[in-house]
Amino acid sequence: MTQSREQIVARVTDALKGEAGRVAVRGARKVDACGVQDHFWLTAADGVIVATGTDDEAFESACRSIGLDPADETAIIDAAGQLITPGYVDIHAHGAWEHSFDDGPEGIDIARAGHAVHGTTRQVLSLITNPIDVICANLKNVRAKMDERPDVLGAHLEGPFLALARKGAHDPECLKDPVPELVDELLGAADGCIRQITIAPELPHGISAIKQFTKAGVVPAVGHCDADYETAKAGFDAGAGIMTHMFNAMNGLHHRKPGPIPAAVEDPRVTIELINDGFHVQDPMVKLGFEFAPHRTAFVTDAMAATDCPDGPYKLGALDVNVVDGHARLVSNGAIAGSTLLLEVAVQRAVNELGISPVDAVEAVTLAPARAFGYDKPNAVTGAPLGLLAPGYAADLLLTDPSSWTVNQVWCAGRKLK
């Protein structure tokens with residue numbers, strides 16, 4: 001019997017608040033940033049991968065070491081040639097299933113479930129531009145969710161420190177210059193949960209705010225900006241480590257006005273976000289942009305509340321949005337208002353439509369986004385590192401159809417979500 005979305009949300013939320021189980025998978029084709037392996041097996045316990053390999057005898061020994069009987073067909077998952085990849089990591093998304101991450105605790109649970117069942121095991125929750133007191137309240141909700149469940153990595157503030165000329169679908173009445181007092185207020189409300197903040201570096205206090213956030217352990221991102229090459233480079237030198245959705249809401253490439261994109265591409269410290277939906281960035285530019293910075297490009301969704309939902313009217317913060325043919329635009333001026341993309345679809349497009357290698361496509365939704373925050377190594381937020389199928393890494397696992405790249409089974413930190 002097909003479960004309702006309410007049932008799915010309850011199941012996913014309960015699983016994430018529960019204890020990690022023991023997992024043993026055999027007969028898979030492994031795809032991660034290190035390459036492809038056939039006849040692959042994996043065991044995991046306490047939310048962490050314990051052992052991997054391709055030898056049958058070693059698999060049986062590995063199962064027994066975590067208390068599983070390798071002959072027990074109810075305890076062992078036979079992947080039967082399915083792909084096994086790390087769980088997907090989305091560092092820029094606003095919502096799904098008619099809810100946004102600004103909608104309080106219930107909204108977070110619902111929107112996270114909408115992404116989780118499609119393979120996004122970890123997510124940085126992007127919060128839209130709002131009045132400062134509303135942003136602070138939303139940050140406190142994210143902080144509380146981080147304490148409840150492992151899939152919430154923290155918050156991304158996409159605003160309010162954006163350029164008016166490049167605001168996109170953000171409320172112009174709420175945009176601010178990042179003076180030190182406002183930065184302190186946001187940091188205080190967040191209690192350490194801000195992972196990323198998009199800043200236009202050309203604002204009067206843009207560079208100083210990048211330094212202030214960096215000192216506090218946040219990774220600032222250059223984006224929604226009218227910056228030239230030199231100003232963007234100054235932003236990266238001041239500590240910004242991400243470019244927010246390259247090509248969108250910024251000056252484009254020009255042979256006499258290079259703009260911010262080359263500044264990000266040439267800097268090995270910078271992770272570059274790219275929305276691979278064929279709409280925000282058309283396919284020729286997705287393919288070109290993906291080649292700009294190998295191993296440093298992270299597919300993101302910028303997904304809003306209409307993600308995995310029918311066309312129709314929706315909200316982005318306080319602004320009215322209309323979705324037609326899966327594309328979201330502001331009612332007021334037709335500006336693109338986020339996407340309805342899932343990382344599952346971004347990977348499907350990359351491999352099956354754009355000809356990007358499976359290894360590179362998977363890296364762009366696993367290791368590359370994890371590396372932006374140092375989560376590819378042991379850390380205080382995730383504990384075990386993310387992004388690879390190797391002993392010691394988090395048991396974030398997907399079993400996926402090898403032809404369609406549809407995600408069939410999902411584990412986050414050893415907790416079965418689908």
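User: What classes do the residues of the lining of the largest pocket divide into?

Analyst: Start from the general idea: rolling a probe the size of a water molecule over the atoms shows where empty space is left. This is a predicted model. In it, the lining of the largest pocket divides into nine nonpolar, eight polar and four charged residues. The space in that pocket comes to about 290 Å³. The pocket is lined by 21 residues, and the closest to its centre are Gly168, Ala169, His224, Ala249 and Ile336.

User: How many cavities of 30 Å³ or more does the structure hold?

Analyst: A cavity differs from a pocket in that the probe fits inside but cannot get out. There is one cavity of 30 Å³ or more. The largest cavity has a volume of about 50 Å³.

User: Which residues line the largest cavity, and how do they divide by class?

Analyst: Its lining is made of Pro86, Gly87, Val89, Pro385, Leu386, Gly387, Leu388, Tyr393, Ala394 and Asp396. By class, seven are nonpolar, two polar and one charged.

User: How many bridges join β14 to β15, and which residue stands opposite alanine 298?

Analyst: Four bridges join these two strands, which run parallel. Glutamate 273 stands opposite alanine 298 in β15.

User: How do I read a helix? Which residues of α9 are buried, and which are exposed?

Analyst: An α-helix has 3.6 residues a turn, so residues three or four places apart point the same way. In α9 (residues 283–292), the buried residues are Val286, Gly289 and Phe290. They lie on the same side of α9 because they cover an arc of only 105 degrees around the axis. The face turned away from the buried side of α9 carries the exposed residues Pro284 and Glu291.

User: What covers the buried residues of α9?

Analyst: The cover includes β14 (271–275), β15 (297–300) and α11 (358–363).

User: Now single residues. Is threonine 85 buried or exposed, and what does it touch?

Analyst: Here the cut-off matters: buried means under 20% relative accessible area. Threonine 85 has a relative accessible area of 0%, so it is buried. It lies in strand β5 (residues 83–86). Leaving out residues up to four places away in sequence, threonine 85 touches Val31, Val362, Leu389, Asp396, Leu397, Leu398 and Trp405.

User: Where is valine 410, and which residues does it touch?

Analyst: Valine 410 is in strand β20 (residues 407–412). Because its relative accessibility is 0%, valine 410 counts as buried. Not counting residues up to four places away in sequence, its contacts include Ala116, Val117, Gly119, Thr121, Leu397 and Leu398. Valine 410 and lysine 140 are 270 residues apart in sequence and 28 Å apart in space, C-alpha to C-alpha.

Definitions and conventions. Residues are numbered from 1 along each chain as its sequence is written. This is a predicted model: local features need pLDDT of at least 70, side-chain atom pairs count only at pLDDT 80 or more; totals for chains, interfaces and linings use all residues. Side-chain values use heavy atoms; hydrogens and water are left out. On a 1 Å grid over the protein atoms alone, a cavity is a set of points where a 1.4 Å probe fits but cannot get out, and a pocket is an open set with protein on both sides within 12 Å along at least five of seven lines; lining residues have an atom within 4 Å of a point. Grid points are joined across faces, edges and corners, and a volume is the space filled by probe spheres set on the points. Ala, Val, Leu, Ile, Met, Phe, Trp, Tyr, Cys and Pro count as nonpolar, Asp, Glu, Lys and Arg as charged, and the others, Gly among them, as polar. Buried means under 20% relative accessible area, exposed over 50%, partly exposed in between (1.4 Å probe, protein chains only). Contact means heavy atoms within 4.5 Å. The arc is that of the directions from the helix axis to the C-beta atoms. Two strands pair if DSSP finds at least two bridges between them.
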